[in-house]
Amino acid sequence: MDSITQALLGATVQASLLGRWQGRKALLYGAVLGTLPDLDVVIDYGDAVAQMTYHRGFSHSLFTLSLLAVALTWLARRIRPDPGYSGGRLLLTIWLVLITHVLLDAFTSYGTQLFWPLPTPPVAWSSVFIIDPLYSLPLLGAVLAGAAFGLKGRRPRWASIALVLSSLYLAFTLAGKQLAEHRVDAAMAASGIHPSQVFSTPTPFNSLLWRVIALDGDHYYEALVSWFDVDPPELIRLPRHPALAEALAASPQHARLNWFTGGVLRYDEVDRHLLVTDLRLGMTGYHPFRFALAEREGPGWRLTPVVERWPAERGDTSKLEQLWQRIWTQHQPIPLAQWAAELQSR
């Protein structure tokens, strides 16, 4: 999730457990601690693929953060002990602030390596967009209430309510994900489509309209599903060009990217470059993670030793307005095929 939401979550967790003793300082301590795992962004891993796939690695590991929580608890109790609460309570607070950060990240589509250093794939439950105001607002309200009215000596009512509401919202997003996939599965079965893989994720800034991707050989299908739909979803068939991946057999960057994304990739030749697109993130036709892994050289391809991210557009507000209208009106036309085709022109 975005850094502001992670800071709000950390502040709310710390306020709920230590606010009555630390007062408003609990909000500050929790906010700082809640953003700590994301400091790995300052590390230079060498190229764009490494920057993407090593982010949310060791710093988001449940094992690493559990050890860090023990170390920080020992340090805090040694330097500035507080007789008002026990070391066990402090350890639980620090551990929960750190762990809730990475668990929330795992609800997004990016991929979080919760079990680093084990070679397991990143966890991506993909039920929450990376910025979701409906999740953040209860936490913001609790932090503002704590800052305005104080916390010391009080029961952490606002913080506890906010955590319950935000957790219930996460459960709601998981239900939406299951609903979207069920409807698309039924539509594909009725059409005789048997995909090798299905991936679903909410559209930008909401959890009411879902984007479902189904990989099927040389093509993939995309569908939009809203909570309010009545008719079966429309399946849009799009080219994926997986044959181009043969030129990347010796590319360590492609192997890493394929592992990290679970193979939800699209391949295109644009301006004599072989582009690989992570279809999971962003929106149809507007994907932030695209990489030029090879360049045309005569009849073949030359692998790019140091990979950079291909410039990507973010779309515009008119497209967000179309998606917003699609939430409420199933037959609102959304030109997914046109948006996807634009990947080959930029």
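Let's start with Glu222 and its surroundings. Setting aside neighbours within four places in sequence, Glu222 is in contact with Arg211, Val212, Ile213, Glu234, Leu235, Ile236, Leu238, Thr284 and Leu336. Please keep in mind that we are looking at a predicted model. So is Glu222 buried or exposed? Its relative accessible area is 0%, and because the cut-off for buried is under 20%, Glu222 counts as buried.

Glu222 sits in strand 3, which covers residues 219-226. That brings us to the sheet. Four strands make up an open sheet, ordered 1-2-3-4, with antiparallel pairing. Strand 1 and strand 4 (236-239) are the edges, each pairing on one side only. On average, neighbouring strands here are turned by 25° against each other, if you ignore direction.

Zoom in on strand 3 and strand 4: they run antiparallel and are joined by four bridges. Within that pairing, Tyr220 stands opposite Leu238 of strand 4. What packs on this sheet? Helix 7, residues 157-191, does, touching strand 1, strand 2 and strand 3, and its direction makes about 45° with that of strand 2. Helix 9, residues 317-328, lies across strand 2 and strand 3, running at about 65° to strand 3.

Strand 6 (residues 273-278) and strand 7 (residues 290-297) run antiparallel, with five bridges between them. Here Leu274 faces its opposite number, Ala294 in strand 7. Strand 7 is also joined to strand 8 (residues 300-303) by four bridges, again antiparallel, and Glu295 stands opposite Arg302 in strand 8. The hairpin of strand 7 and strand 8 has two residues between the strands, and Gly298 takes a positive phi near 65° there.

As background, most residues other than glycine have a negative phi, and most peptide bonds are trans. Which residues go against that here? Arg56 is one of them, with a positive phi of about 60° although it is not a glycine. Arg56 is in the loop between helix 3 (48-54) and helix 4 (62-79), and it is buried, at a relative accessible area of 3%. Phe205 also has a positive phi, of about 70°, without being a glycine. Phe205 belongs to the loop between strand 1 (197-202) and strand 2 (209-216), and with 39% relative accessibility it counts as partly exposed. As for peptide bonds, Trp116 and Pro117 are joined by a cis one, with omega about 10°. Pro117 is found in the loop between helix 5 (87-106) and helix 6 (133-149).

Last topic: rings. How many aromatic pairs does the structure hold? There are 14. One aromatic cluster is formed by Tyr110, Trp259, Phe260, Phe289 and Phe291. Charges meet rings as well: the charged end of Arg157 sits over the ring of Trp158, 5.1 Å from its centre. Lys177, in turn, lies over the face of Phe199, 5.6 Å from the ring centre.

Thanks, everyone, and I'm happy to go back to any of these spots in the viewer.

How values were computed: Residues numbered from 1 in each chain as written. Predicted model: local features only at pLDDT ≥ 70, side-chain atom pairs only at ≥ 80, totals over all residues. Heavy atoms only, no water. Pairing = 2+ DSSP bridges. Buried < 20%, exposed > 50% of the residue type's maximum accessible area, 1.4 Å probe, protein only. Contact = heavy atoms within 4.5 Å. Phe/Tyr/Trp six-rings, centres within 6.5 Å; stacked < 30°, edge-to-face > 60°. Lys NZ or Arg CZ within 6 Å of the ring centre and 35° of its normal. Axes fitted to C-alpha atoms, helices over the stretch in contact; angles between N-to-C directions.
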